[in-house]
Amino acid sequence: MQVLPDSEDIFTWIVLILFCVFAFIQIFWVVFFYARLAFHKESEGPNEKNIPITIIIAARNEEDNLFHLLPKILTQDYPEFEVIVVNHQSSDDSSHILKAFQRQYPNLKVIELERSKHLRNGKKLPLTIAIKGAKYEHLMFTDADCEPNSKNWLSLMSNKFTDKKEIVLGYGPYKREPGLLNQLIRLDTAMIAANYLSYAKAGAAYMGIGRNMGYTRSLFLSVNGFKSHYALQSGDDDLFIQEAAKKGNYDICIHPDSFSYSESKKTWADWYKQKSRHFTTTEHYSVIKKLLLGIYPLSLLLLYTSFITLCINYQLCWLSIGVFSFITLIKWVIQGRILLKLKEKGFVWIFPIWDLVYAALAPIMFYTTEKSTQNQWK
């Protein structure tokens, strides 16, 4: 059986070389980046440091979520913490609910921002006000529609703070519900988490998620907060991290009890609108960051293309199948472990299919959503 193409068959040689290049990129990315997260060891016990913490929530028209979910933040099993809720120009009954909670929970502080056409929409203003008014140096951030997975959420996340670790990156999955849309949203969230957590482990942190992350007030002030990207609606959890994260000053937390769950969007239109808002910041990423995020999905699509092309050539069919199967197996093991750590077991069984679907879906979403800086915040 002929292993290599004839010397005169230039096209097949080119496809074979490209196939090998794309295969190498896939293996390198999985072993160098994703394996770090796949074999990450998470501490099992709750926090024994018990440093004082300020939890900050920016809320706009969140009366139902505040009523049902805020008590789960206020009753965390932690000795000393305060919760600051910035009620940002709400027109519902959020203010009355927060006042009632203040009478019940002495560690709740409410900052009211009245409706005004002169105030910018988005989270950056309320977050900045809360940070400057925080009682404690170490800050944790979540959203009004998020539910901590346990009473140890705050303990596990804050345990990652040390004298040198000023940023803690957590995970915020969406609750499992019936339907394809929910599956795609959860897959998107898990794959994004696999990226930013793996890259953080490799010393290339580029984002966190605003519904489950923490950093110190001193660090925030040292980079002038959100000043460099204040005009953008988004950026408080990615552009800020890119400015503030220095090698060695951040850590990750993926203990299941530290997850912060929220409900996914119910319609395709709402999800597209959400993704559109998130994509407004990507054009402000450095070239290196863009390459890090783009090389893996692009090389995967090109790997499949070159693999199919080689399979058409009967002489190279078994060689290409062997190499492709080996790569797929390595990826399945490593990235499957990540999905298990992120409690998304349902995606593991047919991961190669989901991996290809996501590699094709992500650029389609990016280029078809309207990346406007004028998207409204709830």
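Which residues does L37 touch, not counting residues up to four places away in sequence? They are A193, A194, L197, S198, I252, I254, I338 and K341. Keep in mind that this is a predicted model.

**Around L37**
- You can find L37 in helix 1, which covers residues 10-38.
- L37 has a relative accessible area of 1%, so this residue counts as buried, the cut-off being under 20%.
- Y199 sits 162 residues away from L37 along the chain, yet the C-alpha atoms of the two are separated by 8.7 Å.

**Around S299**
- S299 belongs to helix 10, made up of residues 287-312.
- With a relative accessible area of 3%, S299 is buried.
- Setting aside neighbours within four places in sequence, S299 is in contact with F22, I25 and Q26.
- With Q26 there is also a polar contact of 2.8 Å, joining the side chains of S299 and Q26.
- A polar atom of the S299 side chain lies 3.0 Å from the backbone oxygen of Y296.

**Helix 9**
- Helix 9 spans residues 268-279 and has twelve residues.
- From its first C-alpha to its last, helix 9 reaches 16 Å, close to the 16 Å expected at 1.5 Å a residue.
- Buried residues in helix 9 are W271, Q274, K275, S276 and F279.
- The buried residues of helix 9 pack against helix 6 (180-201) and helix 12 (351-368).

Definitions and conventions: Residues are numbered from 1 along each chain as its sequence is written. This is a predicted model: local features need pLDDT of at least 70, side-chain atom pairs count only at pLDDT 80 or more; totals for chains, interfaces and linings use all residues. Side-chain values use heavy atoms; hydrogens and water are left out. Helices (H or I, at least four residues) and strands (E, at least two) are DSSP runs, numbered from the N terminus. Buried means under 20% relative accessible area, exposed over 50%, partly exposed in between (1.4 Å probe, protein chains only). Contact means heavy atoms within 4.5 Å. A polar contact is a pair of N or O atoms within 3.5 Å; within protein, one must be able to donate a hydrogen and the other to accept it, and residues adjacent in sequence count only if both atoms are side-chain atoms. The expected span of a helix is 1.5 Å times one less than its number of residues.
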